Amino acid sequence: MRRDNEFRYSRLANMLREQIVSGYIKPGQFLLSENELCKYYGMSRTSVRKSLEQLHKEGLIVKKVGQGTIVSPDFVPSPGEKRTLRILATSPSHYVDNCLGTIIEAFQARYPQIDVKLLHFPSFNFWDWQRTGAELGVRPDLVLVTDRSFAESDRLDPFIDLGDKLPGLLDGFYPRIVEPFRHEGFLRALPVTFSPVYLAYNPRLFRRFGVQEPHPGWSREQLIEAAGQLTRDEDGDGVTDLYGLSLSSFPSRWPVVALQNGVKFDATTSRESIVETLKLFRDVLHRKRIATLYQPYRSKINLHAFLREKAAMVLTTSIEIAGWRSEGMTFEAKVAPLPFGPVKSTLLVANAFMIHKDSDDPELALEFLRIALDPGLQTELARDTGFMSCLPDVNAAVWNERHLESLNITGRHIENGYFLHELFADSHRLDDLSGEMELFWAGLEQAEPLADRIIGILSGAT
(Lines give C-alpha, C1' and ligand atoms only; values in the text may rest on other atoms or scores of the structure.)
Protein backbone atom coordinates (compact mmCIF):
# COMPACT_ATOMS: atom_id res chain seq x y z
CA MET A 1 0.00 0.00 0.00
CA ARG A 2 2.86 2.40 0.80
CA ARG A 3 4.35 1.90 -2.65
CA ASP A 4 0.95 2.46 -4.24
CA ASN A 5 0.46 5.72 -2.31
CA GLU A 6 3.91 6.93 -3.37
CA PHE A 7 3.03 6.16 -6.99
CA ARG A 8 -0.22 8.10 -6.72
CA TYR A 9 1.31 11.28 -5.30
CA SER A 10 4.18 11.15 -7.81
CA ARG A 11 1.68 10.73 -10.64
CA LEU A 12 -0.36 13.76 -9.56
CA ALA A 13 2.80 15.83 -9.16
CA ASN A 14 3.75 14.93 -12.74
CA MET A 15 0.29 15.89 -14.02
CA LEU A 16 0.32 19.28 -12.31
CA ARG A 17 3.93 19.91 -13.30
CA GLU A 18 3.09 19.32 -16.95
CA GLN A 19 0.11 21.68 -16.74
CA ILE A 20 2.41 24.37 -15.32
CA VAL A 21 5.34 23.79 -17.70
CA SER A 22 3.02 23.65 -20.74
CA GLY A 23 1.51 27.00 -19.79
CA TYR A 24 -1.99 25.67 -19.15
CA ILE A 25 -1.77 27.09 -15.62
CA LYS A 26 0.16 30.35 -15.86
CA PRO A 27 2.36 32.10 -13.28
CA GLY A 28 0.19 33.71 -10.62
CA GLN A 29 -2.88 31.58 -11.39
CA PHE A 30 -4.54 29.43 -8.70
CA LEU A 31 -4.51 25.65 -8.78
CA LEU A 32 -7.61 23.71 -7.85
CA SER A 33 -8.22 23.46 -4.12
CA GLU A 34 -7.11 20.34 -2.23
CA ASN A 35 -10.73 19.16 -2.04
CA GLU A 36 -11.19 19.61 -5.80
CA LEU A 37 -7.93 17.82 -6.59
CA CYS A 38 -9.03 14.89 -4.41
CA LYS A 39 -12.39 14.71 -6.19
CA TYR A 40 -11.28 15.20 -9.79
CA TYR A 41 -8.22 12.95 -9.69
CA GLY A 42 -9.65 10.30 -7.33
CA MET A 43 -6.86 10.61 -4.76
CA SER A 44 -6.60 10.91 -1.01
CA ARG A 45 -5.86 14.20 0.74
CA THR A 46 -2.51 12.75 1.85
CA SER A 47 -1.45 12.04 -1.75
CA VAL A 48 -2.61 15.49 -2.88
CA ARG A 49 -0.66 17.24 -0.12
CA LYS A 50 2.50 15.26 -0.88
CA SER A 51 2.16 16.22 -4.56
CA LEU A 52 1.85 19.90 -3.68
CA GLU A 53 4.79 19.67 -1.27
CA GLN A 54 6.93 18.22 -4.09
CA LEU A 55 6.00 21.05 -6.48
CA HIS A 56 6.62 23.59 -3.71
CA LYS A 57 10.14 22.20 -3.19
CA GLU A 58 10.75 22.57 -6.92
CA GLY A 59 9.73 26.23 -6.74
CA LEU A 60 6.80 25.75 -9.10
CA ILE A 61 4.03 26.76 -6.68
CA VAL A 62 3.50 29.12 -3.77
CA LYS A 63 0.99 28.64 -0.95
CA LYS A 64 -1.05 31.73 -0.05
CA VAL A 65 -2.45 31.38 3.47
CA GLY A 66 -6.24 31.43 3.51
CA GLN A 67 -6.48 31.70 -0.29
CA GLY A 68 -5.01 28.61 -1.89
CA THR A 69 -2.02 27.66 -4.03
CA ILE A 70 -0.75 29.57 -7.06
CA VAL A 71 1.88 28.93 -9.71
CA SER A 72 5.00 30.81 -8.68
CA PRO A 73 4.96 34.30 -10.27
CA ASP A 74 8.71 33.89 -10.83
CA PHE A 75 8.35 30.73 -12.92
CA VAL A 76 9.31 31.20 -16.58
CA PRO A 77 8.61 28.26 -18.94
CA SER A 78 11.65 27.46 -21.07
CA PRO A 79 11.03 26.93 -24.80
CA GLY A 80 11.63 23.38 -25.98
CA GLU A 81 14.31 22.64 -28.57
CA LYS A 82 12.76 19.46 -29.96
CA ARG A 83 9.66 18.99 -32.05
CA THR A 84 6.87 18.10 -29.68
CA LEU A 85 3.89 15.75 -29.92
CA ARG A 86 1.27 16.73 -27.33
CA ILE A 87 -1.16 14.14 -25.98
CA LEU A 88 -4.15 15.10 -23.85
CA ALA A 89 -5.67 12.30 -21.74
CA THR A 90 -8.43 11.81 -19.20
CA SER A 91 -7.41 11.06 -15.63
CA PRO A 92 -7.50 8.68 -13.88
CA SER A 93 -6.81 6.18 -16.68
CA HIS A 94 -5.69 2.56 -16.40
CA TYR A 95 -4.66 2.69 -20.08
CA VAL A 96 -2.37 5.65 -19.48
CA ASP A 97 -0.87 4.05 -16.38
CA ASN A 98 -0.26 0.62 -17.93
CA CYS A 99 0.10 1.01 -21.70
CA LEU A 100 0.79 4.53 -22.89
CA GLY A 101 4.33 4.67 -21.50
CA THR A 102 5.31 1.59 -23.51
CA ILE A 103 3.82 3.09 -26.68
CA ILE A 104 5.63 6.40 -26.14
CA GLU A 105 8.91 4.51 -25.66
CA ALA A 106 8.36 2.62 -28.94
CA PHE A 107 7.54 5.90 -30.72
CA GLN A 108 10.60 7.70 -29.38
CA ALA A 109 12.85 4.76 -30.22
CA ARG A 110 11.87 5.32 -33.84
CA TYR A 111 11.75 9.12 -33.61
CA PRO A 112 14.31 10.16 -30.98
CA GLN A 113 14.18 13.77 -32.16
CA ILE A 114 10.51 14.04 -31.09
CA ASP A 115 9.57 15.02 -27.54
CA VAL A 116 6.23 13.61 -26.33
CA LYS A 117 4.33 15.67 -23.77
CA LEU A 118 1.43 14.09 -21.88
CA LEU A 119 -1.16 16.41 -20.34
CA HIS A 120 -3.84 15.03 -17.99
CA PHE A 121 -7.26 16.57 -17.36
CA PRO A 122 -9.85 15.09 -14.96
CA SER A 123 -12.45 12.88 -16.63
CA PHE A 124 -15.08 14.91 -14.77
CA ASN A 125 -16.07 17.74 -17.17
CA PHE A 126 -13.18 16.72 -19.44
CA TRP A 127 -14.35 18.71 -22.45
CA ASP A 128 -14.77 21.89 -20.40
CA TRP A 129 -11.17 21.52 -19.30
CA GLN A 130 -10.09 20.92 -22.89
CA ARG A 131 -11.88 24.05 -24.13
CA THR A 132 -10.34 26.12 -21.36
CA GLY A 133 -6.93 24.80 -22.32
CA ALA A 134 -7.53 25.69 -25.97
CA GLU A 135 -8.45 29.24 -24.98
CA LEU A 136 -5.11 29.46 -23.14
CA GLY A 137 -3.21 28.20 -26.19
CA VAL A 138 -2.85 24.53 -25.23
CA ARG A 139 -3.36 22.69 -28.52
CA PRO A 140 -3.03 18.90 -28.30
CA ASP A 141 -2.14 16.78 -31.31
CA LEU A 142 -3.81 13.67 -29.92
CA VAL A 143 -6.66 13.34 -27.44
CA LEU A 144 -7.12 10.03 -25.59
CA VAL A 145 -10.71 9.48 -24.46
CA THR A 146 -12.93 6.75 -23.10
CA ASP A 147 -16.02 5.75 -25.05
CA ARG A 148 -18.12 7.65 -22.53
CA SER A 149 -16.01 10.83 -22.80
CA PHE A 150 -16.35 10.58 -26.58
CA ALA A 151 -20.13 10.40 -26.27
CA GLU A 152 -20.23 13.38 -23.90
CA SER A 153 -18.58 15.73 -26.39
CA ASP A 154 -21.02 18.22 -27.88
CA ARG A 155 -18.58 19.11 -30.69
CA LEU A 156 -16.81 16.45 -32.71
CA ASP A 157 -16.22 18.47 -35.88
CA PRO A 158 -12.87 19.90 -34.58
CA PHE A 159 -11.39 16.40 -34.95
CA ILE A 160 -10.22 14.94 -38.26
CA ASP A 161 -11.86 12.02 -40.03
CA LEU A 162 -9.56 9.06 -39.42
CA GLY A 163 -11.45 6.77 -41.79
CA ASP A 164 -9.35 7.54 -44.85
CA LYS A 165 -6.11 8.47 -43.08
CA LEU A 166 -4.97 4.97 -42.16
CA PRO A 167 -5.54 2.84 -45.29
CA GLY A 168 -5.64 -0.87 -44.63
CA LEU A 169 -5.33 -0.53 -40.87
CA LEU A 170 -9.06 -0.59 -40.15
CA ASP A 171 -9.47 -3.82 -42.13
CA GLY A 172 -7.85 -5.69 -39.26
CA PHE A 173 -10.22 -4.32 -36.58
CA TYR A 174 -13.33 -5.76 -35.01
CA PRO A 175 -16.02 -3.91 -37.03
CA ARG A 176 -18.23 -3.74 -33.94
CA ILE A 177 -15.60 -1.71 -32.07
CA VAL A 178 -15.04 0.89 -34.79
CA GLU A 179 -18.56 1.84 -35.89
CA PRO A 180 -19.72 3.51 -32.63
CA PHE A 181 -16.92 6.07 -33.02
CA ARG A 182 -18.31 7.35 -36.29
CA HIS A 183 -20.26 10.59 -36.22
CA GLU A 184 -22.25 11.83 -39.22
CA GLY A 185 -20.32 9.44 -41.45
CA PHE A 186 -16.87 10.43 -40.17
CA LEU A 187 -14.60 8.33 -37.95
CA ARG A 188 -13.77 10.88 -35.25
CA ALA A 189 -11.92 8.49 -32.91
CA LEU A 190 -9.91 5.31 -33.34
CA PRO A 191 -10.07 2.74 -30.50
CA VAL A 192 -6.77 1.33 -29.27
CA THR A 193 -8.10 -1.06 -26.63
CA PHE A 194 -11.52 -2.34 -25.59
CA SER A 195 -13.18 -4.83 -23.31
CA PRO A 196 -16.57 -6.43 -22.85
CA VAL A 197 -17.95 -6.26 -19.33
CA TYR A 198 -17.57 -9.80 -18.03
CA LEU A 199 -17.74 -11.88 -14.88
CA ALA A 200 -14.32 -12.48 -13.33
CA TYR A 201 -13.75 -14.88 -10.48
CA ASN A 202 -11.02 -15.76 -7.99
CA PRO A 203 -10.18 -19.45 -8.50
CA ARG A 204 -8.22 -19.52 -5.25
CA LEU A 205 -11.36 -18.80 -3.22
CA PHE A 206 -13.38 -21.39 -5.17
CA ARG A 207 -10.74 -24.04 -4.44
CA ARG A 208 -10.34 -22.99 -0.81
CA PHE A 209 -14.01 -23.59 -0.04
CA GLY A 210 -14.52 -26.56 -2.35
CA VAL A 211 -16.91 -24.75 -4.71
CA GLN A 212 -17.12 -25.88 -8.34
CA GLU A 213 -15.62 -23.29 -10.68
CA PRO A 214 -17.81 -21.69 -13.40
CA HIS A 215 -17.99 -23.65 -16.63
CA PRO A 216 -19.47 -23.15 -20.12
CA GLY A 217 -23.24 -23.31 -19.98
CA TRP A 218 -23.54 -22.73 -16.23
CA SER A 219 -26.85 -21.19 -15.17
CA ARG A 220 -28.02 -18.26 -13.08
CA GLU A 221 -29.13 -20.72 -10.42
CA GLN A 222 -25.64 -22.21 -10.30
CA LEU A 223 -24.12 -18.74 -9.98
CA ILE A 224 -26.43 -17.91 -7.06
CA GLU A 225 -25.66 -21.25 -5.42
CA ALA A 226 -21.91 -20.68 -5.77
CA ALA A 227 -22.20 -17.11 -4.45
CA GLY A 228 -24.09 -18.43 -1.44
CA GLN A 229 -21.44 -21.04 -0.69
CA LEU A 230 -18.71 -18.40 -0.93
CA THR A 231 -20.42 -15.84 1.31
CA ARG A 232 -18.84 -16.29 4.73
CA ASP A 233 -18.23 -14.94 8.21
CA GLU A 234 -14.58 -15.96 8.32
CA ASP A 235 -13.68 -14.60 11.74
CA GLY A 236 -16.88 -15.76 13.48
CA ASP A 237 -17.98 -12.36 14.73
CA GLY A 238 -21.45 -12.61 13.19
CA VAL A 239 -20.65 -10.18 10.34
CA THR A 240 -20.15 -11.27 6.73
CA ASP A 241 -16.61 -10.47 5.60
CA LEU A 242 -16.47 -12.47 2.36
CA TYR A 243 -19.14 -12.16 -0.34
CA GLY A 244 -19.76 -14.43 -3.29
CA LEU A 245 -20.40 -11.55 -5.68
CA SER A 246 -19.51 -7.86 -6.03
CA LEU A 247 -21.98 -5.67 -7.95
CA SER A 248 -21.93 -1.99 -8.87
CA SER A 249 -24.66 0.61 -9.28
CA PHE A 250 -22.49 2.38 -11.86
CA PRO A 251 -24.21 2.50 -15.29
CA SER A 252 -21.23 0.88 -17.01
CA ARG A 253 -21.85 -2.34 -15.04
CA TRP A 254 -25.38 -3.21 -13.87
CA PRO A 255 -27.09 -2.82 -17.30
CA VAL A 256 -25.31 -6.03 -18.34
CA VAL A 257 -27.70 -7.97 -16.13
CA ALA A 258 -30.64 -6.09 -17.64
CA LEU A 259 -29.48 -6.75 -21.20
CA GLN A 260 -29.23 -10.47 -20.45
CA ASN A 261 -32.84 -10.41 -19.26
CA GLY A 262 -34.12 -8.77 -22.44
CA VAL A 263 -34.20 -5.10 -21.37
CA LYS A 264 -33.64 -2.99 -24.50
CA PHE A 265 -33.45 0.43 -22.80
CA ASP A 266 -35.93 1.97 -25.21
CA ALA A 267 -39.70 2.35 -25.54
CA THR A 268 -40.07 -1.31 -26.64
CA THR A 269 -38.77 -2.67 -23.32
CA SER A 270 -41.23 -4.90 -21.50
CA ARG A 271 -42.11 -4.29 -17.87
CA GLU A 272 -41.60 -7.98 -17.14
CA SER A 273 -37.95 -7.90 -18.22
CA ILE A 274 -37.26 -4.92 -15.95
CA VAL A 275 -39.03 -6.53 -12.98
CA GLU A 276 -37.06 -9.75 -13.52
CA THR A 277 -33.79 -7.80 -13.49
CA LEU A 278 -34.64 -5.80 -10.38
CA LYS A 279 -35.83 -8.87 -8.49
CA LEU A 280 -32.52 -10.58 -9.20
CA PHE A 281 -30.61 -7.62 -7.78
CA ARG A 282 -32.86 -7.40 -4.73
CA ASP A 283 -32.58 -11.14 -4.17
CA VAL A 284 -28.77 -11.35 -4.12
CA LEU A 285 -28.18 -7.98 -2.39
CA HIS A 286 -30.89 -7.77 0.27
CA ARG A 287 -32.72 -11.07 0.67
CA LYS A 288 -29.97 -13.68 0.37
CA ARG A 289 -27.23 -11.11 1.10
CA ILE A 290 -24.67 -12.93 -1.00
CA ALA A 291 -23.49 -9.83 -2.90
CA THR A 292 -21.84 -6.58 -1.85
CA LEU A 293 -22.61 -3.32 -3.68
CA TYR A 294 -20.19 -0.63 -4.82
CA GLN A 295 -21.87 2.76 -5.23
CA PRO A 296 -19.61 5.31 -6.99
CA TYR A 297 -18.97 8.69 -5.38
CA ARG A 298 -19.91 7.36 -1.93
CA SER A 299 -17.30 4.82 -0.91
CA LYS A 300 -14.40 3.18 -2.69
CA ILE A 301 -14.14 0.32 -0.20
CA ASN A 302 -16.40 -2.04 -2.12
CA LEU A 303 -14.72 -1.12 -5.40
CA HIS A 304 -11.68 -3.09 -4.21
CA ALA A 305 -13.58 -5.98 -2.60
CA PHE A 306 -12.51 -8.36 -5.38
CA LEU A 307 -8.94 -7.07 -5.41
CA ARG A 308 -8.66 -7.58 -1.63
CA GLU A 309 -10.23 -11.07 -1.86
CA LYS A 310 -13.37 -9.97 -0.03
CA ALA A 311 -15.57 -10.94 -2.99
CA ALA A 312 -15.17 -14.09 -5.10
CA MET A 313 -16.80 -12.81 -8.32
CA VAL A 314 -17.17 -9.36 -9.90
CA LEU A 315 -18.54 -7.69 -13.02
CA THR A 316 -15.48 -6.02 -14.49
CA THR A 317 -13.38 -5.40 -17.63
CA SER A 318 -9.88 -6.29 -18.76
CA ILE A 319 -9.06 -2.58 -18.41
CA GLU A 320 -10.06 -2.56 -14.75
CA ILE A 321 -8.34 -5.88 -14.04
CA ALA A 322 -5.11 -4.50 -15.52
CA GLY A 323 -5.36 -1.56 -13.14
CA TRP A 324 -5.92 -3.88 -10.19
CA ARG A 325 -2.85 -5.90 -11.18
CA SER A 326 -0.75 -2.74 -10.96
CA GLU A 327 -2.20 -2.16 -7.48
CA GLY A 328 -0.90 -5.50 -6.22
CA MET A 329 -3.58 -8.10 -6.96
CA THR A 330 -2.09 -11.37 -5.68
CA PHE A 331 -4.07 -13.89 -7.76
CA GLU A 332 -4.82 -14.47 -11.43
CA ALA A 333 -8.51 -13.83 -12.12
CA LYS A 334 -10.35 -16.11 -14.52
CA VAL A 335 -13.29 -15.34 -16.83
CA ALA A 336 -16.69 -16.93 -16.35
CA PRO A 337 -19.51 -16.93 -18.94
CA LEU A 338 -22.25 -14.43 -18.06
CA PRO A 339 -25.29 -16.41 -16.83
CA PHE A 340 -27.66 -13.69 -15.62
CA GLY A 341 -30.40 -14.27 -18.21
CA PRO A 342 -31.39 -16.00 -21.44
CA VAL A 343 -30.02 -13.31 -23.79
CA LYS A 344 -26.32 -13.50 -24.66
CA SER A 345 -25.36 -9.82 -24.38
CA THR A 346 -22.98 -7.43 -22.64
CA LEU A 347 -21.66 -3.87 -22.49
CA LEU A 348 -18.44 -2.67 -24.14
CA VAL A 349 -15.89 -0.11 -23.00
CA ALA A 350 -12.95 1.34 -24.94
CA ASN A 351 -10.13 3.86 -25.05
CA ALA A 352 -9.71 5.77 -28.30
CA PHE A 353 -7.47 8.43 -29.84
CA MET A 354 -8.69 11.53 -31.65
CA ILE A 355 -6.57 13.96 -33.71
CA HIS A 356 -7.41 17.63 -33.47
CA LYS A 357 -7.68 19.66 -36.68
CA ASP A 358 -5.50 22.32 -35.04
CA SER A 359 -2.68 19.83 -34.49
CA ASP A 360 0.71 21.32 -35.40
CA ASP A 361 1.72 18.03 -37.00
CA PRO A 362 -1.22 15.72 -37.86
CA GLU A 363 1.02 13.38 -39.87
CA LEU A 364 3.18 12.84 -36.80
CA ALA A 365 0.04 12.13 -34.75
CA LEU A 366 -1.04 9.56 -37.36
CA GLU A 367 2.38 7.92 -37.16
CA PHE A 368 1.94 7.63 -33.39
CA LEU A 369 -1.35 5.78 -33.99
CA ARG A 370 0.30 3.42 -36.48
CA ILE A 371 2.93 2.51 -33.90
CA ALA A 372 0.33 2.17 -31.12
CA LEU A 373 -1.62 -0.30 -33.26
CA ASP A 374 1.36 -2.26 -34.56
CA PRO A 375 0.43 -5.95 -34.09
CA GLY A 376 3.76 -6.77 -32.45
CA LEU A 377 3.41 -3.98 -29.88
CA GLN A 378 -0.27 -4.82 -29.34
CA THR A 379 0.68 -8.44 -28.64
CA GLU A 380 3.36 -7.36 -26.17
CA LEU A 381 0.90 -5.10 -24.32
CA ALA A 382 -1.79 -7.79 -24.25
CA ARG A 383 0.58 -10.38 -22.78
CA ASP A 384 2.22 -8.01 -20.29
CA THR A 385 -0.82 -6.10 -19.04
CA GLY A 386 -3.95 -8.08 -19.97
CA PHE A 387 -5.38 -5.24 -22.07
CA MET A 388 -7.35 -6.52 -25.04
CA SER A 389 -6.46 -5.48 -28.57
CA CYS A 390 -8.87 -4.11 -31.16
CA LEU A 391 -7.18 -6.53 -33.58
CA PRO A 392 -8.77 -10.02 -33.54
CA ASP A 393 -5.55 -11.72 -34.66
CA VAL A 394 -3.70 -10.37 -31.62
CA ASN A 395 -6.32 -11.60 -29.17
CA ALA A 396 -6.42 -15.01 -30.84
CA ALA A 397 -2.64 -15.29 -30.38
CA VAL A 398 -2.75 -14.34 -26.69
CA TRP A 399 -5.95 -16.00 -25.39
CA ASN A 400 -7.51 -19.36 -26.16
CA GLU A 401 -10.86 -19.81 -27.85
CA ARG A 402 -12.73 -20.71 -24.67
CA HIS A 403 -11.56 -17.52 -22.95
CA LEU A 404 -12.70 -15.35 -25.87
CA GLU A 405 -16.05 -17.13 -26.15
CA SER A 406 -16.67 -16.34 -22.46
CA LEU A 407 -16.34 -12.70 -23.52
CA ASN A 408 -18.91 -13.15 -26.32
CA ILE A 409 -16.12 -12.97 -28.93
CA THR A 410 -16.00 -15.40 -31.84
CA GLY A 411 -13.45 -14.65 -34.56
CA ARG A 412 -14.05 -11.06 -35.69
CA HIS A 413 -17.56 -11.04 -34.26
CA ILE A 414 -18.64 -9.65 -30.89
CA GLU A 415 -22.12 -10.92 -30.11
CA ASN A 416 -24.68 -8.40 -28.81
CA GLY A 417 -22.10 -6.04 -27.32
CA TYR A 418 -23.18 -2.41 -26.85
CA PHE A 419 -21.45 0.78 -25.80
CA LEU A 420 -23.38 2.72 -23.21
CA HIS A 421 -23.90 5.70 -25.51
CA GLU A 422 -25.58 3.41 -28.03
CA LEU A 423 -28.16 2.43 -25.42
CA PHE A 424 -28.57 5.99 -24.12
CA ALA A 425 -28.12 8.51 -26.90
CA ASP A 426 -29.59 11.05 -24.48
CA SER A 427 -27.28 11.08 -21.43
CA HIS A 428 -29.94 12.94 -19.41
CA ARG A 429 -32.15 9.85 -19.61
CA LEU A 430 -29.35 7.80 -18.09
CA ASP A 431 -28.95 10.37 -15.30
CA ASP A 432 -32.70 10.24 -14.63
CA LEU A 433 -32.58 6.45 -14.46
CA SER A 434 -29.64 6.46 -12.05
CA GLY A 435 -31.41 8.95 -9.79
CA GLU A 436 -34.59 6.90 -9.68
CA MET A 437 -32.70 3.77 -8.58
CA GLU A 438 -30.98 5.16 -5.47
CA LEU A 439 -33.59 3.99 -2.97
CA PHE A 440 -33.74 0.61 -4.65
CA TRP A 441 -29.98 0.07 -4.33
CA ALA A 442 -30.28 0.87 -0.64
CA GLY A 443 -32.89 -1.88 -0.26
CA LEU A 444 -35.70 0.59 0.43
CA GLU A 445 -37.92 -0.02 -2.61
CA GLN A 446 -39.62 -2.98 -4.27
CA ALA A 447 -39.05 -3.89 -7.91
CA GLU A 448 -42.58 -3.25 -9.26
CA PRO A 449 -43.02 0.49 -8.53
CA LEU A 450 -39.50 1.22 -9.74
CA ALA A 451 -40.14 -0.76 -12.93
CA ASP A 452 -43.12 1.47 -13.70
CA ARG A 453 -41.01 4.62 -13.38
CA ILE A 454 -38.23 3.10 -15.50
CA ILE A 455 -40.76 2.34 -18.23
CA GLY A 456 -41.80 6.00 -18.09
CA ILE A 457 -38.21 7.19 -18.46
CA LEU A 458 -37.43 4.83 -21.34
CA SER A 459 -40.61 5.81 -23.18
CA GLY A 460 -39.87 9.50 -22.73
CA ALA A 461 -42.95 10.06 -20.58
CA THR A 462 -40.95 11.57 -17.70
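Q: Is Arg 287 buried or exposed?
A: Arg 287 is exposed, with a relative accessible area of 61%. Exposed means over 50% relative accessible area, buried means under 20%, and partly exposed lies in between (1.4 Å probe, protein chains only).

Q: What kind of model is this?
A: This is a predicted model, in which local features need pLDDT of at least 70 and side-chain atom pairs count only at pLDDT 80 or more, while totals for chains, interfaces and linings use all residues. Residues are numbered from 1 along each chain as its sequence is written, and side-chain values use heavy atoms, with hydrogens and water left out.

Q: Which residue forms a salt bridge with Arg 287?
A: The partner is Asp 283, and the closest N and O atoms are 2.6 Å apart. A salt bridge here is a side-chain nitrogen of Lys or Arg within 4 Å of a carboxyl oxygen of Asp or Glu. Asp 283 counts as buried because its relative accessibility is 15%.

Q: And how far apart are Asp 283 and Arg 287 in the helix?
A: They are four residues apart in helix H11, so about one helical turn separates them. Helices (H or I, at least four residues) and strands (E, at least two) are DSSP runs, numbered from the N terminus.

Q: What covers the buried residues of H11?
A: H11 spans residues 271–287, and its buried residues include Ile 274, Leu 278, Phe 281 and Val 284. The cover includes helices H9 (220–230), H10 (255–260) and H20 (447–458), as well as strands S10 (245–248) and S11 (291–294). H11 is followed by Arg 289, whose phi is positive, near 55°.

Q: Back to charges: how many salt bridges are there in the whole structure?
A: A search finds 23. One of them joins Glu 436 to Arg 453, with the closest N and O atoms 2.5 Å apart. That pair links distant parts of the chain, as Glu 436 lies in helix H18 (residues 427–436) and Arg 453 in H20, 17 residues apart. Glu 436 is partly exposed at 29% relative accessible area, and Arg 453 is partly exposed at 29%.

Q: New topic: which residues have the most contacts inside the largest nonpolar core?
A: Phe 194 and Phe 368 do, in a core of 81 residues. A nonpolar core is a set of buried Ala, Val, Leu, Ile, Met, Phe, Trp, Tyr and Cys residues joined through side-chain atoms within 4.5 Å. A second, separate core of 53 residues includes Phe 209, Val 211, Ala 226 and Leu 433.

Q: What does Phe 368 touch?
A: Leaving aside neighbours within four places in sequence, Phe 368 is in contact (heavy atoms within 4.5 Å) with residues including Leu 85, Ile 104, Phe 107 and Phe 353.

Q: What about strand S12: which way do its residues point?
A: In S12 (residues 313–316), Met 313 and Leu 315 point one way, Val 314 and Thr 316 point the other way, and all are buried. S12 runs antiparallel to strand S9 (residues 198–201), and four bridges join the two; DSSP must find at least two bridges for strands to pair. Tyr 201 has Met 313 as its bridge partner in S12.

Q: Finally, how many helices and strands does the protein have?
A: The protein has 20 helices and 17 strands. Buried residues make up 53% of its 462 residues, and its C-alpha trace spans about 65 × 55 × 50 Å along the principal axes.
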